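Here is a short briefing on one protein model. It starts at a single residue and then widens to the whole chain.

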Amino acid sequence: ERGIAYGLMEDRPNAIQDFTRLLDQHESGYIFNLRAMQHYFSKKYGEAIHAHAEACRLDSDDESSCNCRAWILATCPVAEHRDGPRAVEMARHACELTEWEDSGYIDTLAAAHAESGNFEEALNMIEKVLELVDESQQGEYLQRQQLYREGRAYHTE
């Protein structure tokens, strides 16, 4: 809980230190994911990917771990950390685990396809997202749809 509190206060080093101590005592996918988030917000993308990979190793059917890892692999602002084909694999698995009902996971798959250069499939996936979300929530998805129409992938800042 203290690590979560540090994270909420944006004290990333102390949050990471607390989560690392916990992981030294007992490996947990949940704690790996919490640590990964702190690495991500610290712009330590390689460490974030590694922590999510450890969470996936512990439970390959944890849809959240699969999706988080896929999102970074597809959208990372640092090119060396992107891996579109692996992101597609991870995001598709997350979508299958949630029976294609989670718009956020389908959005990740769309971004992964775009990163892989498959803009037609990215557009198909973003269309599914738009069907699932309220009109009031469509803004960012419509922006990504436009990027995919232009043959451009989405990368976070």
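Leaving aside neighbours within four places in sequence, histidine 52 is in contact (heavy atoms within 4.5 Å) with Asn33, Ala36, Ser65, Cys68, Arg69 and Ile72. This is a predicted model, where local features need pLDDT of at least 70, side-chain atom pairs count only at pLDDT 80 or more, and totals for chains, interfaces and linings use all residues. Residues are numbered from 1 along each chain as its sequence is written, and side-chain values use heavy atoms, with hydrogens and water left out.

**Histidine 52**
- Histidine 52 sits in helix H4, residues 45-58.
- Its relative accessibility is 3%, so histidine 52 counts as buried (under 20% relative accessible area, 1.4 Å probe, protein chains only).

**Fold**
- The protein has nine helices and zero strands (DSSP runs, numbered from the N terminus: H or I of at least four residues for helices, E of at least two for strands).
- The radius of gyration is 16 Å, close to the 15 Å that the globule rule gives for 157 residues, so the protein is as compact as a globular protein of that length. The radius is taken over C-alpha atoms, and the rule is 2.2 Å times the number of residues to the power 0.38.
- Along the principal axes, the C-alpha atoms fill a box of roughly 45 × 30 × 30 Å.

**Packing and surface**
- Of the 157 residues, 45% count as buried.
- Among contacts between residues at least 6 apart in sequence, 49% join residues at least 24 apart.
- The accessible surface is about 8,400 Å² (Shrake-Rupley method, 1.4 Å probe), and 45% of that surface belongs to carbon and sulfur atoms.

Key
Buried < 20%, exposed > 50% of the residue type's maximum accessible area, 1.4 Å probe, protein only.
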